[in-house]
Every structure is written in structure tokens, then in C-alpha cells.
Amino acid sequence: TVWTARPFIMQVSKPMAAGGDPVRAEAFERAGRESARFRRAEQAMTIGFSMVLLGESALRVITVWSHPASSVIASSLWSQVLGIGLFVVYFIILRIVFIPRVSREVDALMPAKHVISE
């Protein structure tokens, strides 16, 4: 969905970004339609998410194949730990790099009395 009008992360992040505020939800929608910077950030987050999922899959396969069949439980647990690590790194990057950028784009499209500063 990276190159569609509504990338995957844009779909799933709207409720969190709006926080139940219909004015902010509308600003989020407008940012998706009007701001190329906002769309690029949403596309980058979607690409990052897909890379995490692919990386997590590859780590599972490598981890499970690198252990003997008798230790399937241990290798399964290790593959989950590595996958969780990838997701943690992804969410840290989102929080530090991307969320502030998209928040500024949404804030720029909100009425002055509704802008929420972080």
C-alpha cells in the first residue's frame, strides 16, 4: 500500500493521531491529501514496517535453522526475542523521527485554537 493514496501506516495511525478529536482527524485527512511531506513520511513508515516484518521473518528462519531440531523451543523463543528487538527499534525510530514530522504537518492544517503542542 506504499504507493496508494492511503498507505497502511496512515490507516492504522489515524485513530491514535486524532486522539478522538474530530477536528484533528479532519486535519490528518487533509494532510494526507494536501501535504507531500506528510505522504512521504507515511510512505516511509509503511516501508519501514514492511522491512521489519521481512527482517523478522528472515531472523526466524535463520534462528530456527541454526539450531538442532531437538532445541526447537529454544530456537523459537530466540527468534521471537530478535523479532521483538526489531519492532522496538522501529517504534523508537518512529517516535523520534517520524511522529514529530507528521504531527507538525497535521498541526499546520488545524485551526489555531485546536493546535496541541508537544
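Glu56 sits in helix α3 of a predicted model. Helices here are DSSP runs of H or I, at least four residues long, numbered from the N terminus. Glu56 counts as buried because its relative accessibility is 13%; buried means under 20% relative accessible area, exposed over 50%, and partly exposed in between, with a 1.4 Å probe and protein chains only. Setting aside neighbours within four places in sequence, Glu56 is in contact (heavy atoms within 4.5 Å) with Gly83, Leu86 and Phe87.

Next comes the largest pocket. Its volume is about 480 Å³. A pocket is an open set of points on a 1 Å grid over the protein atoms alone, where a 1.4 Å probe fits, with protein on both sides within 12 Å along at least five of seven lines; lining residues have an atom within 4 Å of a point. The volume is the space filled by probe spheres set on the points, which are joined across faces, edges and corners.

The lining holds 21 residues, and Ser13, Met16, Ala17, Ile99 and Val102 are the closest to the pocket centre. Helices α1 (8–18), α2 (22–34), α3 (36–65) and α4 (72–108) each supply at least two lining residues. The largest share, 8 residues, comes from α4.

Ile99 belongs to α4. Ile99 counts as partly exposed because its relative accessibility is 30%. From Ile99 to Arg6 is 93 residues in sequence and 17 Å in space, C-alpha to C-alpha.

Residues are numbered from 1 along each chain as its sequence is written. Local features need pLDDT of at least 70, side-chain atom pairs count only at pLDDT 80 or more, and totals for chains, interfaces and linings use all residues, while side-chain values use heavy atoms, without hydrogens and water.
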